[in-house]
Amino acid sequence: MSEHELPDDLSRLEEGLAARPRPAPSEDLKRRVMAAVRSELARGAAAPRRRLSTWEFAAAVAAAVLFWMNLSMVVASDTRMDLCGPPPNGTEAAVAALHRLLPDLPEREARRQVAMLRAGSRLVPAPNVEPSAVQWFGMQGPAAGAAGADRP
Amino acid sequence: MPRLARTPDDTPLLAGLAAGREDAFAAAYDRFAARLVAAAWGMLGNRADAEDAVQDVFVSMVRSRASLAEVEDLGAYLFTSLRHAAARRWQRRSAQRSRGDAALAEAAAAPPAGGAAIERADRLDRALATLPREQREVVALKIDGGLTFAQIGAVLGVSLNTAASRYRYALGRLRTSLEES
């Protein structure tokens with residue numbers, strides 16, 4: 001007996017089922033079906049509808065979510081909250097405050113930083129370079145090569 | 001027993017269906033309608049519902065014709081669609097509905113046969129009506145639709161062996177139901 005072969009009693013039952021009368025399509029079924037087909041063809045003639053598969057739908061949702069996440073992060077990172085606005089006590093008070101923090105900061109640089117703060121820029125820490133070092137590096141140009149070579 | 005005639009190459013017909021050619025749909029109807037109606041009747045137990053389900057199959061095929069180019073076995077595709085259409089109609093029906101009187105009417109309208117044959121067919125129909133939908137589907141696909149176990153497996157989304165064992169189990173349940181009646 002093969003794997004799919006039925007025992008005798010089930011085989012007889014199968015024969016009985018196969019022998020029972022079953023209906024043929026009625027006379028007007030083809031007319032009905034073809035009328036429905038024509039109607040659907042006419043309705044979808046301009047743009048036949050195609051349903052998205054499950055994977056296509058999932059991919060579309062994922063793409064939309066990623067797009068909105070990306071967009072929201074771009075917007076958030078480009079939004080200034082103005083939590084550190086311009087100094088409230090005027091330019092002179094801000095310059096004085098900067099001098100208290102950085103006593104060696106030149107007056108001109110302090111005013112420049114305050115002006116930048118007032119303009120809405122962010123304060124960029126700048127190295128406080130010693131004047132002697134500035135002079136030393138300033139003399140390292142091609143024209144001053146000989147003078148610089150004599151310096152220890 | 002009717003067998004699902006599978007032509008060597010359905011490509012021209014599928015191309016016509018995908019292109020929305022009316023003659024292709026007519027050809028598909030001529031080739032499959034009898035088996036589809038028989039299988040739907042086996043699932044639903046009612047001729048009117050069976051024919052409506054077959055109409056649903058063709059309307060659904062028109063709507064999804066853009067994807068027909070990817071179909072390899074038109075018969076399996078149509079019977080899969082029929083199974084879904086029948087399931088929708090099955091769910092709409094109340095649990096009270098059985099083949100009962102409808103089966104008698106169908107038997108009366110069937111080709112002439114002996115009284116004993118009608119009585120036996122009626123008993124089988126009543127017993128079939130007691131099967132769960134999944135088991136009735138596999139019996140209808142095999143006996144009324146004439147599908148092979150491989151095709152039934154494709155329609156139900158199960159393996160050939162699972163389809164065969166489900167069929168055997170359904171017949172066993174049917175035999176028990178007949179013995180009890």
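1. Is B:Thr11 buried, exposed or partly exposed? B:Thr11 comes out as partly exposed, because 13 other C-beta atoms lie within 10 Å, and a residue needs 20 or more to count as buried and 12 or fewer to count as exposed. Bear in mind as you read on that this is a predicted model. As for where to find the residue, B:Thr11 is in helix H1 of chain B, which covers residues 11-18.

2. Staying with that region, look across to B:Glu70. B:Thr11 and B:Glu70 are 59 residues apart in sequence, yet their C-alpha atoms are 9.9 Å apart in space. B:Glu70 belongs to the loop between H3 and H4 of chain B. It has 9 C-beta neighbours inside 10 Å, so B:Glu70 counts as exposed.

3. Now the overall make-up of the two chains. Chain B has nine helices and zero strands, and its elements run α-α-α-α-α-α-α-α-α from the N terminus on. Chain A has seven helices and zero strands. On burial, 42% of the 181 residues in chain B are buried, whereas in chain A the figure is 7% of 152 residues.

4. B:Tyr169 and B:Gln135 make a handy pair to look at here: they are 34 residues apart in sequence and 8.0 Å apart in space, C-alpha to C-alpha. B:Tyr169 sits in helix H9 of chain B and is partly exposed, because 13 C-beta neighbours fall inside 10 Å.

5. On to the interface. Here 41 residues of chain B are in contact with 31 residues of chain A. On the chain B side, the helices that each supply at least two residues are H2 (22-44), H3 (47-63), H5 (100-109), H6 (115-129), H7 (133-144) and H9 (160-180). H2(B) gives the most, with nine residues. Sorted by class, the side of chain B that touches chain A holds 26 nonpolar, five polar and 10 charged residues.

6. H2(B) also packs against H3(B), and this pair deserves a look in the viewer. The angle is about 140° and the axes are 8 Å apart. Is that pair antiparallel or oblique? Roughly antiparallel takes an angle over 145 degrees, so H2(B) and H3(B) are classed as oblique to each other. H2(B) passes H3(B) in a right-handed crossing. From H2(B), the contact residues include B:Phe25, B:Tyr29, B:Leu36 and B:Trp41, and those from H3(B) include B:Arg47, B:Asp49, B:Val54 and B:Phe58. By class, the residues of this contact are 13 nonpolar, no polar and three charged.

7. H7(B) and H8(B) form another pair to check. They too pack at about 140°, with axes 10 Å apart, and are therefore oblique to each other. Their crossing is right-handed. On the H7(B) side you'll find B:Val138, B:Leu141 and B:Lys142, which meet B:Ile152, B:Val155 and B:Leu156 in H8(B). That contact has five nonpolar, no polar and one charged residues.

8. Last, helix H4 of chain B, residues 74-92. Why does its length agree with what a helix should span? At 1.5 Å a residue, its 19 residues should span 27 Å, and the end C-alpha atoms are 27 Å apart, so the two agree. Among the buried residues of H4(B) are B:Leu74, B:Tyr77, B:Phe79, B:Leu82 and B:Ala86, and the list also includes B:Gly75, B:Ser81 and B:Arg83. What do they pack against? The buried residues of H4(B) pack against H1, H2, H3, H7 and H8 (149-156) of chain B. If you want to follow one helix through chain B in the viewer, H4(B) takes you to both H2 and H3 from point 6 and both H7 and H8 from point 7.

Key:
Residues numbered from 1 in each chain as written. Chains lettered and ligands numbered in written order. Predicted model: local features only at pLDDT ≥ 70, side-chain atom pairs only at ≥ 80, totals over all residues. Helix = DSSP H or I, 4+ residues; strand = E, 2+ residues; numbered from the N terminus. Contact = placed C-beta atoms within 7 Å. Nonpolar A, V, L, I, M, F, W, Y, C, P; charged D, E, K, R; others polar. Axes fitted to C-alpha atoms, helices over the stretch in contact; angles between N-to-C directions. Parallel < 35°, antiparallel > 145°, perpendicular 65-115°, else oblique. Left-handed = near helix turned anticlockwise from the far one by under 90°. Expected span 1.5 Å × (residues − 1).
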